[in-house]
Amino acid sequence: MISTTETETPGFSQKIPLYEGSTQFRHWRYSPEQLARTRSAMNAAAVQAIKDAFEADLPGSSSDVSFLSADEEILLVKLYAGKVSQLCGHFRFPEEVEATAVTYLKRFYLKNTVMDYHPKNVMLTALFIATKTTNHPISLEAYANHIPKTLPSDVLDLEFLVAQSLGFDFAVWHAHRALWGIWLDIQNLPDIRMDELRQAYDVALKHVRASRLTDAELIYTPSQIALACLSLASPSLAAAWARSQHNSRSPTPPSPPTPMPPSESAVLDIIEPIASMITTSGVLPDVEAVREVDRRLRLCKNPEKVVGSNAHKRKQEEKEHKAAEKRARKAERIRKAMEDGDPFGTSLHEQDLDDDDDDDED
Amino acid sequence: MSNRNGWLRGTTIRKGGTSFNSNHTRHTTPQIQSTSSTIFGGGVKDPSGRTSEYFSMDDQCPVCKSDRYLNPKLRLLVSACYHKMCESCIDRLFTLGPAPCPVCAKTLRKLAFTPQTFEDLGVEKEVAVRRRLAKNFNKRREDFPDLRSYNDYLEDVEDIAFHLINDIDVPETEARIAKYKIENANLIELNVQREEQYAQYLKEQEEIDRLDREQRAAELRRLEEEEREEREKGRRELIDKLETSDKDALKLVARSKAQALKRASTRSASSSASNVFQSNAKLLRSRAAQSTVIPDVPHVPLQDDWYAYEDKFALRDNYDDPVSEAVRRDREGIMRAGGYRVEEAWQRALTFAVAGLDLRPLGSAVPSKSTEPADVVMAEA
Amino acid sequence: MDAVEKANAATQKKWAKDAKIGEGMYAVVYKGREVAAGRPVAIKKIKVGQFKDGLDMSAIREVKYLRELKHPNIIELLDVFSSKTNLNLVLEFLDTDLELVIRDRSLVFLPADIKAWIAMTFRGLEFCHRNWILHRDLKPNNLLISADGQLKLADFGLARDFADPGYKMTCQVITRWYRPPELFFGCRYYSTAVDIWSVGCIFAELMLRTPYLPGESDLDQLKTTFRALGTPTEEEWPGHTKLPDYISVGQFPRTPLRDLFTAATADCLNLLSKCFTYDPKKRISAKDALNHPYFFALPYPSHPSKLPKPAKKSSPLEEMDGNVDLSGPGPTVKANPPNKLKRKLSSGEGDTRSIARKLDFTQKSPE
């Protein structure tokens with residue numbers, strides 16, 4: 001059933017679907033290969049940098065260190081993603097907060113390595129940010145006080161970094177809301193048994209939660225993930241709804257890359273891999289394996305990021321030096337201006353007299 | 001009209017010279033009241049034809065030494081030889097005919113006295129002199145072959161004025177003036193006429209602008225009225241037709257609408273120019289000019305390019321929905337009164353459910369099943 | 001880690017900062033330009049680490065929503081970059097706002113102008129609502145106007161997503177003069193209707209050239225509102241007496257809008273009254289408003305390029321005091337004042353906005 005309606009409604013195809021305007025679609029959409037490549041590249045770069053830091057500290061020390069692989073990093077991230085759920089239950093944060101925090105965590109580690117930043121604190125920070133961006137804010141004090149062995153500074157220190165790594169893309173479209181939507185829309189279908197639907201929904205929701213441990217949201221859209229979860233719970237209901245979607249008034253204008261019109265089976269084809277992804281990877285990692293990784297992490301952490309280490313001190317000094325230089329330059333400029341007789345110096349925009357203008361560096 | 005504490009208090013002496021005689025009873029009388037039975041006109045007038053008189057608490061008549069304290073109604077006038085004295089003195093000295101000025105002994109008549117406008121009598125004199133000269137020395141730049149000669153002329157005028165003001169060689173200067181008048185009689189006359197014409201022209205322009213404005217406003221009102229009437233008429237006709245005719249109601253309505261539209265478009269075509277002209281002449285004339293270049297277009301409700309999947313689902317007003325159960329029950333009616341709309345939350349969920357449903361994921365070239373490398377990457381330890 | 005910083009540095013290089021044009025409690029605004037194209041921009045530099053709770057909520061909201069919304073009637077966030085302690089938002093440069101336009105007595109409004117402005121406001125607002133965002137701070141000050149006359153919604157510091165059922169929202173939003181009565185009555189569950197009320201107030205203000213409902217305190221605001229529109233009855237607005245902060249402020253009769261808005265057409269008043277419906281559920285929606293006969297009736301809405309704009313002021317800096325609301329249309333609700341920052345007046349580089357100038361640009365070829 002190939003439909004050719006895009007030619008019938010030419011104006012339609014010029015419209016951009018709402019989802020495709022979101023930052024989630026524009027910045028955080030990968031193919032599985034891209035994900036793998038990104039992670040391994042980042043891992044390799046990190047390993048190199050840390051090796052150098054070790055060498056600078058103590059030549060020859062780096063050869064003893066066993067660095068983490070990209071897969072092992074993923075393991076660790078997954079573990080902490082699971083912990084988010086626990087914390088949210090403890091604080092009674094709504095599902096939206098939990099889902100957002102997990103997304104932030106995963107996205108963060110597409111741009112950073114666990115060897116630079118341990119997931120424990122990143123997770124806490126990501127959750128804190130999520131409470132703010134989803135309009136369920138909590139005071140930092142209240143937050144930190146309810147988490148054992150955590151100071152407010154532990155959370156706050158990383159806040160800007162996490163936000164930066166996210167590219168300040170705070171809005172996230174979640175699969176659980178899409179599932180809710182399917183639940184509502186299915187009620188439009190004839191011959192739906194509500195108890196069957198209700199049961200399927202509960203199971204599907206569990207799958208949605210499991211999907212958060214996978215890479216699904218980085219590859220597929222929330223609606224696809226939701227449908228996949230439903231198909232795991234009740235294949236017939238999912239198929240029925242997908243069919244109704246295809247038969248609905250007018251078809252979706254095809255999104256740019258693919259000229260092929262969508263067909264009912266196409267949608268089902270897309271969600272099949274999601275379903276298998278959820279069943280295979282949607283589980284918490286084996287505790288023992290993780291413990292092992294964690295132990296090794298302690299040894300291969302980037303010394304530059306560890307407060308108190310030589311490398312860190314050195315980096316700090318470097319920073320201080322740069323800042324001092326800059327201050328001196330600024331003072332010089334002002335002094336010159338005063339000497340020239342014009343206390344206001346040359347025109348404003350030649351002199352950037354900001355207070356904290358470390359923007360010019362880096 | 002009494003301005004208290006005004007440095008420069010004014011009496012308005014109208015051009016026609018309305019009487020101040022019976023002013024003791026008027027509570028709006030200005031501060032300065034004439035005690036004399038003579039009306040003193042003259043004085044420096046401003047463009048609207050009124051003068052405002054100079055006044056100060058320190059005024060004192062140099063002749064009788066009375067001041068405001070002793071005589072609240074003190075009014076000082078200025079003689080032709082530019083000496084001040086109060087009205088009572090003037091009365092006393094000059095009622096019986098011309099008499100010498102007590103200060104400079106120049107013979108003066110009573111009527112030669114004018115009210116003072118400027119604080120400095122010197123200024124008063126100068127102004128009077130220049131006024132007088134300007135009546136005759138009214139040549140303009142265009143009347144001269146070059147700038148140099150024009151400037152020479154101006155310098156001559158200044159020279160004459162200087163002499164007159166400072167009482168230097170007065171008879172000779174007067175002779176010069178007389179000579180000039182004779183020599184340039186024609187040109188003077190011409191220039192006087194020119195000035196009058198210009199003043200007239202300005203007035204006419206103003207009048208035109210005002211009429212313009214009014215006309216446009218009336219036009220617009222008329223247009224609106226017309227429109228309203230037409231609409232009404234159209235409606236009435238339609239109702240009539242619906243009642244009487246046996247044709248299909250929909251067709252009638254459609255036809256009526258088409259007619260109305262036609263009427264509207266013809267009307268706007270004919271009056272599109274005048275539609276744009278409304279109040280505030282100058283501003284709108286420029287906007288009118290703009291409108292012929294950039295026409296206003298009919299309203300289009302939504303003009304953006306976003307597709308919100310509205311056609312992919314149908315929002316109902318009721319669902320079996322545990323999530324919003326409590327809200328909808330809302331026994332207190334609080335949520336209802338506040339205006340919370342569950343439908344909005346539902347719409348959001350439904351949109352999420354269909355958004356990007358058939359968006360092909362990146363990296364999958366073949367629409368059919370393919371082994372996902374993702375599984376390999378996600379291999380567990 | 002450095003990868004992130006490197007990316008940032010690259011982004012930063014795309015934008016050059018010029019003069020400072022405003023300063024507030026937590027941000028400084030600069031005029032700037034795009035290095036490649038020379039396009040003027042405003043760069044809002046937000047200092048991070050000022051508050052004990054970390055990143056400021058207003059900043060987060062602005063970034064979050066502006067990043068997602070792209071619409072001709074919503075201010076465009078061109079880029080975001082950050083340095084170690086600063087968050088920089090690169091916004092499109094808009095030189096004036098609707099408040100300045102209303103205040104400038106030398107400007108004359110045609111009914112077509114008002115229609116155009118309100119249409120653009122509704123379009124921007126409808127798009128927000130389509131994306132499930134409540135603006136919650138609509139006022140003329142926050143409706144910026146671009147050089148080609150387009151009106152744009154700005155300042156999303158108080159915006160938020162629609163709430164999920166059962167979740168409370170704060171009622172301390174929207175500047176007092178533009179706040180609907182349900183918020184004064186303390187309701188915690190509201191919807192898009194609150195924004196529509198604000199637009200109604202702005203609509204009225206455009207016609208009156210002065211704020212329509214200026215109250216001096218919350219209580220006074222209610223009184224003013226009811227005096228103008230009549231006290232709501234239970235029939236009109238079911239359940240309003242049960243709202244948390246409900247208080248009776250007196251019985252005022254409903255006076256017809258026509259008495260005050262003498263120059264308005266029937267369509268216009270009809271739309272206005274629909275914006276001021278007391279029952280939020282019955283208040284018109286942005287989408288329906290755009291389909292109201294008022295917009296389709298003659299005269300057509302003015303083309304944006306022909307809309308009046310105020311003459312440029314000479315010293316932009318004195319407008320920008322973030323702590324003192326100089327033009328003060330009533331106190332703002334926010335803890336952080338800088339909404340003035342949105343008024344991005346240029347540093348008077350000799351460009352006079354006389355009408356003649358405007359003519360030059362629009363008349364490409366004389367007829």
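What percentage of the 381 residues of chain B count as buried? Let me answer that while setting out the terms: 37% of them do, where buried means under 20% relative accessible area, exposed means over 50%, and partly exposed lies in between, computed with a 1.4 Å probe on protein chains only. Please keep in mind that this is a predicted model, in which local features need pLDDT of at least 70 and side-chain atom pairs count only at pLDDT 80 or more, while totals for chains, interfaces and linings use all residues. Residues are numbered from 1 along each chain as its sequence is written, chains are lettered from A and ligands numbered from 1 in the order in which they are written, and side-chain values use heavy atoms, with hydrogens and water left out.

Chain B has 11 helices and six strands, these being DSSP runs numbered from the N terminus, with helices (H or I) of at least four residues and strands (E) of at least two. Among its contacts between residues at least 6 apart in sequence, 56% join residues at least 24 apart, a contact being heavy atoms within 4.5 Å. Chain A, for its part, has 18 helices and one strand, and 53% of its 362 residues count as buried. In chain A, residues 24 or more positions apart account for 77% of the contacts with a separation of 6 or more.

Helix H11 of chain A, residues 175-186, packs with helix H10 of chain B, residues 342-354, at an angle of about 100 degrees and with the axes 7 Å apart; the axes are lines fitted to C-alpha atoms over the stretch in contact, and angles run from 0 to 180 degrees between N-to-C directions. That makes H11(A) roughly perpendicular to H10(B), since angles of 65 to 115 degrees count as roughly perpendicular, those under 35 as roughly parallel, those over 145 as roughly antiparallel and the rest as oblique. The contact includes Trp180(A) and Ile182(A) of H11(A), and Trp346(B) and Phe352(B) of H10(B). Its residues divide into 10 nonpolar, one polar and three charged, where Ala, Val, Leu, Ile, Met, Phe, Trp, Tyr, Cys and Pro count as nonpolar, Asp, Glu, Lys and Arg as charged, and the others, Gly among them, as polar.

Ile182(A) comes up again among the residues touched by Leu227(A), as does Leu357(B), when residues up to four places away in sequence are not counted. Leu227(A) lies in helix H14 of chain A, residues 222-233, and is buried, with a relative accessible area of 0%. Of the 12 residues of H14(A), 10 are buried, so this helix is largely enclosed by the rest of the structure.

Finally, helix H1 of chain C, residues 2-13, has buried residues Val4(C), Asn8(C), Ala9(C), Thr11(C) and Gln12(C). They cover an arc of only 160 degrees around the axis, which puts them on the same side of H1(C), the arc being that of the directions from the helix axis to the C-beta atoms. The face turned away from that buried side carries the exposed residues Ala3(C), Lys6(C) and Lys13(C). The buried residues of H1(C) pack against helices H6 (95-111) and H10 (159-165) of chain A, together with strands S1 (15-23) and S4 (77-82) of chain C.
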